[in-house]
Amino acid sequence: MKIYFISFVISVLMMAFSSVAIYNIADYMDPPVTPDGHRYMPTENIAKALFLSIIIGAITFISAIRIQRQRRKK
């Protein structure tokens, strides 16, 4: 049970950091500015960041469990 909790905490932290990083990258590549110069809410960039961070969080969770199980067997 401890392995799953630690893996969950690691994946949540990774999701938080990756969503901020991905949002900043997406905001830099596709800035939310209208043709006349007004800024708007970049919902597309937010959706991209959340979707990719969920995928990264799942990969991190699975790999953290595998790493901890290998260390416990030795």
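The protein chain carries 9 positive and 4 negative side chains, and the centres of the two sets are 34 Å apart. Lys and Arg count as positive, Asp and Glu as negative, with His and the chain ends not counted; each charge is placed at NZ of Lys, CZ of Arg, CG of Asp or CD of Glu. The model is predicted: local features need pLDDT of at least 70, side-chain atom pairs count only at pLDDT 80 or more, and totals for chains, interfaces and linings use all residues. Residues are numbered from 1 along each chain as its sequence is written, and side-chain values use heavy atoms, leaving out hydrogens and water.

**Overall form**
- The protein chain has two helices and zero strands, taken as DSSP runs (H or I, at least four residues; E, at least two) numbered from the N terminus.
- Along the principal axes, the C-alpha atoms fill a box of roughly 60 × 15 × 15 Å.
- Among contacts with a separation of 6 or more, 69% join residues 24 or more positions apart; a contact means heavy atoms within 4.5 Å.

**Burial**
- Of the 74 residues, 24% count as buried, meaning under 20% relative accessible area (1.4 Å probe, protein chains only).

**Residue N45**
- N45 lies in helix 2 (residues 43-73).
- N45 counts as buried because its relative accessibility is 2%.
- Leaving aside residues up to four places away in sequence, N45 touches Y23, A26, D27 and D30.
- The N45 side chain reaches the backbone oxygen of D30 at 3.2 Å.

Conventions:
Buried < 20%, exposed > 50% of the residue type's maximum accessible area, 1.4 Å probe, protein only. Polar contact = N/O pair within 3.5 Å; in protein donor to acceptor, adjacent residues only side chain to side chain.
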